Amino acid sequence: MKAWESNVRRVTPYTPGDQPNRPGMIKLNTNENPYPPAPGVEKALREFQTDCLRLYPDPAASVLVEALAERCQVKPEQVFVGVGSDDVLALAFLAFFHSQKPIVFPDITYSFYPVWADEFRIPYRTAPLDEAFRIVKEDYYPENGGVIFPNPNAPTSLALGLAEVEDIIKHNQDVVVIVDEAYVDFGAESAVRLTERYDNLLVVQTFSKSRSMAGMRIGFAVGSPLLIRYLNDVKYSFNSYTMNQITLRLGVEAVRDEAYFQETTAKIKRTREEAGKRLSALGYRALDSSANFLFVTHPEYSAKELYEALKKEDIYVRYFDAPRVDRYLRITIGTDEQMEALYAFLERYRPGLSQRRERKL
Ligand SMILES: *Cc1c(COP(=O)(O)O)cnc(C)c1O
């Protein structure tokens, strides 16, 4: 080892899902939206005047902050925007989780949380989900340095009711509680309203899933003006110009088209309900999803083998080689057509001989 290496901040990075991009492939592995962004987004991009790129963008991202404040019915001082919710969450970890006491999050959850905690040297403990993969709210009662959980949770797809979310916040008023609502628009109740009553609550959402803009990188947070001010202080101490001119312009268009947003999220929910039925008819079991993906298992088939078999057909889903979840696949809800291709493959799928024989022995 070189001497200078002892001074390197060494981290184990988060591993995102595969991002292959071949024509004709069916990509159901990273929870993207199968529908295009709102039509106004394309129009705004075509009409975009590039001369403004000469200038730095507005560091406060005001146009987007204001559009989001209006949509969420809060004041602009209560909104923060960032480069995807990953950026918002990372800055929130840095700003709000600065205690000697461990922060708490579920044992099965978004795998970026432990990565940020390690990177920022934040102590943490995980609270095990119960046998049915549900968050146990009482696990978040003991003293801690902060709380974060997604609602709905990923990769389980299960949502807590708003009363349970509030119960966790109520028991944690001396620390910051972050609710990661990446999937909330697909069927869970948002905690945004609770930010009026709890000044320690930060609700984080993204344009990557329900607004079909994973490639644009926009995330945002809603919280009390005090919380948002602290978050901005950290951002301005790191990089003032996180949101570029094009992103700001296109982001506003996406927020404004409420009708398109309602239509596409409803379509995905319908496809999800249908997928639940079709998979169940084929002997699979999916958890009761409030998200744009299903967490699916089969009593006999190996999830890993099925994942590999699907991959050979150019159908990508997500498999997690980790304790408790390695019998499951996380399948993003695609278009009806993409899902039909999935069902058609599953109908003719027969697992390998070796595996069947093993089970009989
Ligand atoms: C997708 C996802 C995010 C991050 O999304 P961005 O693309 O960075 O906005 C955050 N949390 C959870 C639980 C997610 O699934």
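The model is predicted: local features need pLDDT of at least 70, side-chain atom pairs count only at pLDDT 80 or more, and totals for chains, interfaces and linings use all residues. Residues are numbered from 1 along each chain as its sequence is written, and side-chain values use heavy atoms, with hydrogens and water left out.

**Exercise 1. The ligand shell**

Task: find which residues surround the ligand, and sort them by class.

Solution: 
- Start with the neighbours, where a residue is near a molecule if one of its heavy atoms lies within 4 Å of it. Around the ligand are Gly84, Ser85, Asp86, Leu89, Tyr110, Asp180, Ala182, Tyr183, Thr206, Ser208, Lys209 and Arg217.
- Next, look at the secondary structure, in which helices (H or I, at least four residues) and strands (E, at least two) are DSSP runs, numbered from the N terminus. Helix α3 (residues 84-96) gives the largest share of this shell, 4 residues.
- Then sort by class: Ala, Val, Leu, Ile, Met, Phe, Trp, Tyr, Cys and Pro count as nonpolar, Asp, Glu, Lys and Arg as charged, and the others, Gly among them, as polar. The shell has 4 nonpolar, 4 polar and 4 charged residues.

**Exercise 2. The largest pocket**

Task: say which pocket the ligand takes up, and describe its lining.

Solution: 
- On a 1 Å grid over the protein atoms alone, a pocket is an open set with protein on both sides within 12 Å along at least five of seven lines, a cavity is a set of points where a 1.4 Å probe fits but cannot get out, and lining residues have an atom within 4 Å of a point.
- A molecule sits in one if more than half of its atoms lie within 2 Å of its grid points. The ligand takes the space of the largest pocket.
- Grid points are joined across faces, edges and corners, and a volume is the space filled by probe spheres set on the points. The largest pocket holds about 1000 Å³.
- Among its 45 lining residues, Tyr14, Tyr110, Ser111, Arg318 and Arg330 are the closest to the centre.
- By class, the lining has 22 nonpolar, 13 polar and 10 charged residues.

**Exercise 3. The largest cavity**

Task: give the volume of the largest cavity and its main contributor.

Solution: 
- The structure holds 3 cavities of 30 Å³ or more, and the largest contains about 70 Å³ of space.
- Its lining includes Leu68, Arg71, Cys72 and Phe261.
- Helix α2 supplies the largest share, 3 residues.
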